[in-house]
Amino acid sequence: MADNLPRRLSFPVQEVQESLNDDAEFGLCIRGMNARIQLRTGSQILDLRVVDGVVTEVRDDATGFLSYDILLEGSTETWLELMRSIPVPFYQEFWSAKFHHGFRIEGDLDLASAYYSGISRLCSILRNLAQGDGK
Amino acid sequence: MTRYDDATGRYLYLTVDNLEYRVYVEEAGSGPALLVQHTAGSDSRQWRHLLADRSVTSRFRVVAYDLPQHGKSLPALSSRWWEEDYRLTTDHFMNLVIGIADALGLDVNTTYMGCSMGGHLAGDLALHYPDRFRAVVGIEAGIATHGSAESLVHMYHPRVTNEFKAAVMYSLTAPTSPEDGRREATWGYLQSAPGTHRGDLHYYIHEHDLSETASHIDTSRVSVYLMSGEYDWSSTPENTRQLANQISGSKLVEMKGIGHFPMVENYPLFRRYLEPILHELSQRQES
């Protein structure tokens, strides 16, 4: 196993919420956003609720029964590669993984595109958490 | 004491395809010309590190321009651009570049170097105008990079800002490139006119295709150098390899640890990969 694979792929919900809301860039990117974002990692389903540009709730207990505006989904293997401290090509970001590794960015694509800078930043924040570099 | 950058700029007027343009050009250095083309949706600021590199400008006259509708170059002065859905075509792109080279009096010893759409154009120029430049350098050049029209919808959408384009471009950079370089690569996209990037991608995605013709490029008339960053998920290293395999006598440089915007995201690393090409060009000039 490569030494920069993530230490964990199960994200603690409170840490996720705090890390996101504490991130200056993420806050700018999702200004005014109202959306439900669901992340499926193969081993976890995270539901993020964003209200007026603030992450008000993060849950991992809805087991896929919450509706969403934006879905970010990949296999466990894809997520592990995405979350490496130094990803190999083309796992450096959700968008590149979408084109080359079957990662899914779906739902309201107008919304996802409008706030894609935030989604991109989300990837980086989760990577830091996965590597144990987060809060 | 004020510190100035080496590059100086001015505007030139030229007419291409019956359209009048006012084009911004900046340059530094002396020697045979190295004419550099920016990526789709961005502008010549991408070349600022090259322009400031005296180890290059001591050997080459580096000339960077803003293609019309980019950076400081306005849309065609004689057009009603606000009524037009901008689409860059292969022919017009080549004519613009050659028009700029001609207007500046750049002779046949000039090397053309471009990145992304500019990289693709290297192959098109080599094919269609093999005697205009002595060499072309295609950075992130590919044989073809086709995609769907739907993939471009959000590149020019009334409810999607330039932040989307900038974020997608960020994803094209290498995770090992310095953060400030990665971010600088996105800056031009944050500033460009809304329809410009999508219009450029018409050439990049729909028009450019050397699948059937790359083998016709004659490197005895124009030298062809191709460079590819390993993290470039758009014009991938495999895509560049396909192009190189089709062009007999071309030279391929595969760049590890760098992405789609090598001259911006990590100039020192890019410079190391570029130097053998520059050295060869210099040696040829001397001989």
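Predicted model: local features only at pLDDT ≥ 70, side-chain atom pairs only at ≥ 80, totals over all residues.
Where the two chains meet, 21 residues of chain B are in contact with 21 residues of chain A, and the area buried between them is about 1800 Å², of which carbon and sulfur atoms give 61%. On the side of chain B, the residues that lose the most area to chain A are Glu163(B), Tyr231(B) and Trp233(B), which together account for 31% of what that side buries. The size of an interface is often given as the accessible area lost when the parts come together.

In one of the salt bridges the side chain of Arg159(B) meets that of Asp110(A), with N and O 2.9 Å apart. If we ask which element gives the largest share of the side of chain B that touches chain A, the answer is helix H5 of chain B, residues 162–171, with six residues. Taken by kind, the residues on this side of chain B divide into ten nonpolar, six polar and five charged.

In soluble globular proteins, nonpolar side chains tend to be buried together. The largest nonpolar core in this model has 129 residues, and the members that touch the most other members are Leu72(A), Phe94(A), Trp47(B) and Leu50(B). Helix H6 of chain A, residues 116–130, gives the most to this core, with eight residues.

The side chain of Ser177(B) makes a polar contact, at 2.7 Å, with the side chain of Glu265(B). Leaving aside neighbours within four places in sequence, Ser177(B) is in contact with Arg182(B), Gly257(B), Ile258(B), Glu265(B) and Asn266(B).

Salt bridges come next. Side chains of opposite charge can pair when their charged atoms come close. Over all chains the count is 28 salt bridges, and one of them joins the side chains of Arg61(B) and Glu27(B), N to O, at 2.7 Å. Arg61(B) lies in strand E4 of chain B and Glu27(B) in strand E2 of chain B, so this pair ties together parts that are 34 residues apart in sequence. Arg61(B) is partly exposed, with 22% relative accessibility, and Glu27(B) is partly exposed as well, at 23%.

Another salt bridge links Arg132(B) with Asp102(B), whose closest N and O atoms are 2.8 Å apart. Arg132(B) lies in the loop between helix H4 and strand E6 of chain B, while Asp102(B) lies in helix H3 of chain B, so the pair ties together parts that are 30 residues apart in sequence. Arg132(B) is buried, with a relative accessible area of 13%, whereas Asp102(B), at 45%, counts as partly exposed.

The backbone has some details of its own. Most residues other than glycine have a negative phi, and most peptide bonds are trans. Here the peptide bond from Pro89(A) to Phe90(A) is cis, with omega near -5°, and Phe90(A) lies in the loop between helices H3 and H4 of chain A. Asp52(A), which is not a glycine, has a positive phi near 50°; Asp52(A) is found in the loop between strands E2 and E3 of chain A and counts as exposed, at 56% relative accessibility. In chain B, Asp17(B) has a positive phi of about 55°, and the place of Asp17(B) is the loop between strands E1 and E2 of that chain.

Conventions
Residues numbered from 1 in each chain as written. Chains lettered and ligands numbered in written order. Heavy atoms only, no water. Contact = heavy atoms within 4.5 Å. Buried area = accessible area lost by both parts, 1.4 Å probe. Salt bridge = Lys/Arg side-chain N within 4 Å of Asp/Glu carboxyl O. Helix = DSSP H or I, 4+ residues; strand = E, 2+ residues; numbered from the N terminus. Nonpolar A, V, L, I, M, F, W, Y, C, P; charged D, E, K, R; others polar. Core = buried A, V, L, I, M, F, W, Y, C linked by side-chain atoms within 4.5 Å. Buried < 20%, exposed > 50% of the residue type's maximum accessible area, 1.4 Å probe, protein only. Polar contact = N/O pair within 3.5 Å; in protein donor to acceptor, adjacent residues only side chain to side chain.
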